[in-house]
Amino acid sequence: MTLNCAIIDDEPLAAQLLESYVKDIPFLFLTGTYNSALTAMADLRRKPVDLLFLDIQMPELSGLELSKLIPNQTRIVFTTAFKEYAIEGYKVSAFDYLLKPISFDKFLETSDKALKWFEMQQHLNSIDKQRFIFVKSDYRLVRVVLDDILYIEGLKDYVRIILANGDRITSLINMKRLEELLPYPEFMRTHRSYIAHMTNVTAVDKQRLVFGEDLIPISDNNKDEVMQFLEQFTLA
């Protein structure tokens with residue numbers, strides 16, 4: 001398996017060091033190196049990579065800010081010279097964190113960890129039976145069939161899963177983690193507080209998705225992505 005990766009660092013020497021590391025790891029393929037987060041953003045949205053090595057402290061747009069704007073399927077490894085950014089990095093669900101100066105051993109360890117994660121995801125996605133998940137609810141593990149999900153609503157530390165039969169399952173799980181478990185783009189974030197099962201949408205009403213009698217919002221940040229998906233199935 002080969003992982004497409006990119007590097008963003010405003011320090012040319014730091015970026016060049018990571019480039020040399022990537023070239024020495026056979027399962028990594030470098031799609032681009034950027035010295036500006038703003039320059040990289042358009043490319044990474046148009047052609048998402050599997051793994052992004054991202055500096056945190058950069059002018060104009062920091063790595064933490066950029067991490068919230070790129071596609072969810074990209075795993076982010078933050079690179080920085082400041083230990084205090086580690087906690088902030090994990091708050092935005094970073095895959096890993098490398099402290100500068102970065103040794104090849106540490107870089108290889110993180111890259112290998114990423115490869116194993118993607119191989120596991122590939123394996124799970126290849127299993128036709130993998131059309132369900134188990135979530136914790138009321139001290140039980142509840143089996144939820146993916147095809148039965150209409151949408152998911154985030155409620156602070158909890159989520160509410162709304163099913164086609166009218167059942168509503170409340171579970172203590174992070175929205176970001178749940179989003180990672182669900183197959184994309186079948187399941188898509190439409191709003192900070194909502195994940196929609198796009199194949200179960202019955203209508204689009206202005207800037208809202210309709211599921212029977214329920215409506216969920218489409219935020220401005222997610223509008224383009226949602227509409228691009230729907231346009232694939234829209235007759236002009």
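With a relative accessible area of 16%, Glu186 is buried, because a residue counts as buried under 20%. In this predicted model, Glu186 forms a salt bridge with Arg131, and the closest N and O atoms of the two are 2.8 Å apart. The pair links distant parts of the chain, 55 residues apart. Glu186 belongs to the loop between H6 and strand E11 (187-191), while Arg131 belongs to the loop between helix H5 (104-126) and strand E6 (132-137). Arg131 has a relative accessibility of 26%, so Arg131 counts as partly exposed.

## Other salt bridges

The salt bridges in the model come to 13. One of them joins the side chains of Glu180 and Arg75, at 2.9 Å from N to O. This pair, too, links distant parts of the chain: Glu180 lies in helix H6 (residues 175-181) and Arg75 in strand E4 (residues 75-80), 105 residues apart. Both Glu180 and Arg75 are buried.

The side chains of Arg46 and Asp43 also meet in a salt bridge, again at 2.9 Å from N to O. Here both residues lie in helix H2, 3 residues apart, which is about one turn of the helix. Arg46 has a relative accessibility of 55% and therefore counts as exposed, whereas Asp43, with a relative accessible area of 26%, is partly exposed. Elsewhere, salt bridges link Asp9, Asp55 and Lys100 in a network.

Which residues of helix H2 are buried? In this helix, residues 37-46, they are Ala37, Ala40, Met41 and Leu44. Seen down the axis of H2, these buried residues fall within an arc of 115°, so they line one face of the helix. The face turned away from the buried side carries the exposed residues Thr39 and Arg46.

The buried residues of H2 are covered by several elements, including strand E1 (3-8), strand E2 (28-34), strand E3 (51-55) and helix H3 (63-67). At the start of H2, a side-chain oxygen of Ser36 reaches to within 3.3 Å of the backbone nitrogen of Leu38.

## Helix H1

Helix H1 (residues 12-23) has 12 residues, which at 1.5 Å a residue should span 16 Å.

The buried residues of H1 are Ala14, Ala15, Leu18, Tyr21 and Val22. They cover an arc of only 115° around the axis, which puts them on the same side of H1. Leu13 and Lys23 are exposed residues on the face of H1 turned away from its buried side.

## Confidence in the prediction

How confident is the predictor, and what is the mean pLDDT of the protein chain? The mean is 88, and 91% of the residues reach 70 or more. Confidence is lowest in helix H4 (residues 85-91), at a mean of 50, and highest in strand E12 (residues 194-197), at 97. Where pLDDT is low, the predicted coordinates should not be read in detail.

Note on methods
Residues numbered from 1 in each chain as written. Predicted model: local features only at pLDDT ≥ 70, side-chain atom pairs only at ≥ 80, totals over all residues. Heavy atoms only, no water. Buried < 20%, exposed > 50% of the residue type's maximum accessible area, 1.4 Å probe, protein only. Helix = DSSP H or I, 4+ residues; strand = E, 2+ residues; numbered from the N terminus. Arc of directions from axis to C-beta. Contact = heavy atoms within 4.5 Å. Polar contact = N/O pair within 3.5 Å; in protein donor to acceptor, adjacent residues only side chain to side chain. Salt bridge = Lys/Arg side-chain N within 4 Å of Asp/Glu carboxyl O. Expected span 1.5 Å × (residues − 1). pLDDT = per-residue confidence, 0-100.
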